[in-house]
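Welcome! Please take a moment with the sequence and the 3D view below, and then we will walk through the main features together.

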Amino acid sequence: MDIDLSSQEIAFRDEVRAFLRDNLPDRIKRGAASSPTVFVEPDVGQDWNAILADMGWLGYQWPEEYGGTGWTSTQRYIFEKECALAGAPNLTVLGLKLVAPVIFNFGTEEQRREYLPRILSGQDYWCQGFSEPNAGSDLASLSCRAVRDGDDYVISGSKIWTTHAHFANRMFLLVRTNTDGRKQAGISFLLMDLDDPGVQIRPIVTLAGDHEVNQVFLENVRVPAANLVGEEGQGWTIAKFLLENERGGSCHAPKLAYDIEQVMIAAAEQPDGRGGKLSDDRDWQRRVAKLRLEVDALEMIELKILAEIANGREPGPQTSLTKMIASNLRQDIDLLAVDLYGPAGLQLPNARPLYGENAPDPLCSPDAQVASARYLNSRAWTIFGGTNEVQSTIIAKTVLGL
Ligand SMILES: Cc1cc2nc3c(=O)[nH]c(=O)nc-3n(C[C@H](O)[C@H](O)[C@H](O)COP(=O)(O)OP(=O)(O)OC[C@H]3O[C@@H](n4cnc5c(N)ncnc54)[C@H](O)[C@@H]3O)c2cc1C
């Protein structure tokens with residue numbers, strides 16, 4: 001595997017670096033640093049998207065024909081890595097990285113024309129309606145019904161854990177269009193408008209006190225049959241394609257490395273209680289070194305997958321491996337940050353957001369203020385996009401052949 005950058009790639013990296021230095025505002029960086037949730041809220045996320053869109057870089061994973069950059073997989077990795085190392089917010093992937101590739105690959109020409117430009121312009125904000133109260137890991141058991149009636153589907157059921165549904169105007173969802181035969185074969189993929197009559201969105205406030213997820217109730221909601229993506233019954237195939245994109249082709253390691261770096265900077269200022277600084281403590285150093293090595297090892301795996309993708313191979317089930325390793329590391333690093341600040345790391349303010357003029361005054365520092373909320377929030381990493389147990393089963397079956 002060749003993981004050295006070519007001279008053109010180094011020039012590209014420098015261009016991205018210079019752009020980030022000149023165009024990533026402190027307000028957006030602070031918003032990212034003080035958001036305990038995976039996705040920042042739209043006041044930060046959509047503003048950052050707009051800056052990237054102005055540069056023509058928002059569709060960094062999209063083909064040129066749909067308004068994307070047409071970048072190679074290596075350029076995309078460099079871009080994501082540099083954004084992470086500069087402290088930029090995670091991009092809200094729901095429209096950009098989840099539904100958009102589905103629309104390129106399975107959508108009609110009308111669907112491409114209708115939806116793709118609205119993702120890049122920020123007019124549409126998408127959420128993902130897959131999970132249901134009785135269908136999470138066993139997603140194929142989903143029961144939200146869509147019954148064909150003339151030119152429409154009539155949808156009844158509910159979706160749960162729907163991230164940012166309260167900000168979204170559109171939802172892509174899996175519905176049951178057939179109850180006969182294999183349960184996977186009766187699932188279809190639809191696009192819907194959340195303003196439609198019969199939609200009700202109820203907040204779910206998580207452990208850390210954040211309103212990030214929701215339950216969405218659908219009662220006889222009429223969705224045009226033209227919003228079906230692919231064929232009726234093809235939803236399971238499309239969902240697998242989407243989940244592979246959600247889990248991987250991934251660039252987790254640079255963001256994890258950035259977060260360790262922030263912890264190390266703060267540890268150099270943090271008293272160790274014995275007249276020195278925490279960064280000089282041997283046990284602390286050992287703990288940080290172990291995490292850094294694990295993040296470096298993850299980066300090697302990510303680069304190996306990248307090299308394979310660059311050679312025309314699909315990311316495949318290896319993305320389950322990187323998702324699982326990254327999720328465990330995320331939780332370990334967030335625990336490290338809580339421990340770093342001692343008692344100040346245990347503050348858990350109710351107010352949100354923790355950035356901007358109305359943020360509550362922090363004890364110690366804004367990073368200490370967000371540490372506990374982030375630690376609690378990151379429990380979700382080993383659950384969403386498929387739990388660790390589900391990823392382990394995928395790896396056991398498809399990678400190890402057990
Ligand atoms: C913060 C957050 C955001 C989310 N956002 C979204 C979203 O936007 N859209 C969306 O559709 N979904 C979303 N989800 C849902 C997420 O995908 C599900 O929570 C996840 O798939 C697990 O499903 P479940 O919660 O029903 O748990 P269950 O499937 O009931 O699992 C419960 C426990 O049993 C274990 N388990 C289940 N089956 C097996 C098995 N076969 N072998 C071994 N162990 C097993 C699981 O690992 C877990 O520990 C989100 C979840 C969270 C926490």
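To sort residues by class, Ala, Val, Leu, Ile, Met, Phe, Trp, Tyr, Cys and Pro count as nonpolar, Asp, Glu, Lys and Arg as charged, and the others, Gly among them, as polar. With those classes, the shell around the ligand has eight nonpolar, ten polar and one charged residues.

Two notes on reading what follows. This is a predicted model, in which local features need pLDDT of at least 70 and side-chain atom pairs count only at pLDDT 80 or more, while totals for chains, interfaces and linings use all residues. Residue numbers start from 1 along each chain, as its sequence is written.

A residue is taken as near a molecule if its C-beta atom, placed from the backbone, lies within 6 Å of it. Which residues are the closest to the ligand? They are Phe 130, Gly 136, Ser 137, Trp 161 and Thr 387, out of 19 residues that surround the ligand. Helices (H or I, at least four residues) and strands (E, at least two) are DSSP runs, numbered from the N terminus. The shell also draws at least three residues from each of domain 2 (126-233) and domain 3 (242-399).

**Domains**

The domain assignment gives domain 1 (7-120), domain 2 (126-233) and domain 3 (242-399); such bounds come from an automatic or database domain assignment. Taken over C-alpha atoms, the centres of domain 1 and domain 3 are separated by 21 Å. Their contact takes 20 residues from domain 1 and 19 residues from domain 3, where two residues are in contact if their C-beta atoms, placed from the backbone, lie within 7 Å. On the domain 1 side, α2 (26-33), α4 (73-85) and α5 (93-106) each supply at least two residues. Which helix gives the most to that side? It is α4, with seven residues. The residues of domain 1 that touch domain 3 divide into eight nonpolar, seven polar and five charged.

**Helix pairs**

Axes are lines fitted to C-alpha atoms, for helices over the stretch in contact, and angles run from 0 to 180 degrees between N-to-C directions.

| Helix pair | Axis distance | Angle |
|---|---|---|
| α10 (residues 318-340) and α11 (residues 366-377) | within 9 Å | roughly 150° |
| α8 (residues 253-267) and α10 | 10 Å | about 15° |
| α2 and α3 (residues 42-55) | 10 Å | about 135° |

Angles under 35 degrees count as roughly parallel, over 145 as roughly antiparallel, 65 to 115 as roughly perpendicular and the rest as oblique. The angle therefore makes α10 roughly antiparallel to α11, α8 roughly parallel to α10, and α2 oblique to α3.

A crossing is left-handed if the near helix is turned anticlockwise from the far one by less than a right angle, and right-handed if clockwise. The crossing of α10 and α11 is left-handed, that of α8 and α10 is left-handed, and α2 passes α3 in a left-handed crossing.

Now for the residues that meet. In α10, Asp 334, Leu 335, Ala 337 and Val 338 meet Ala 371, Ser 372, Arg 374 and Tyr 375 of α11. That contact has five nonpolar, one polar and two charged residues. Between α8 and α10, the residues in contact include Leu 256 and Ile 260 in α8 and Leu 329 and Ile 333 in α10. They divide into eleven nonpolar, no polar and two charged. Finally, Ile 28, Gly 31 and Ala 32 in α2 meet Val 44, Asp 47 and Trp 48 in α3, a contact with four nonpolar, one polar and one charged residues.

**Two backbone details**

Most residues other than glycine have a negative phi, and most peptide bonds are trans. Where does a cis peptide bond occur? It joins Arg 352 and Pro 353, with omega about 0°, and Pro 353 lies in the loop between α10 and α11. Asn 220 is not a glycine, yet it has a positive phi of about 50°; Asn 220 is placed in strand β7 (residues 211-224).
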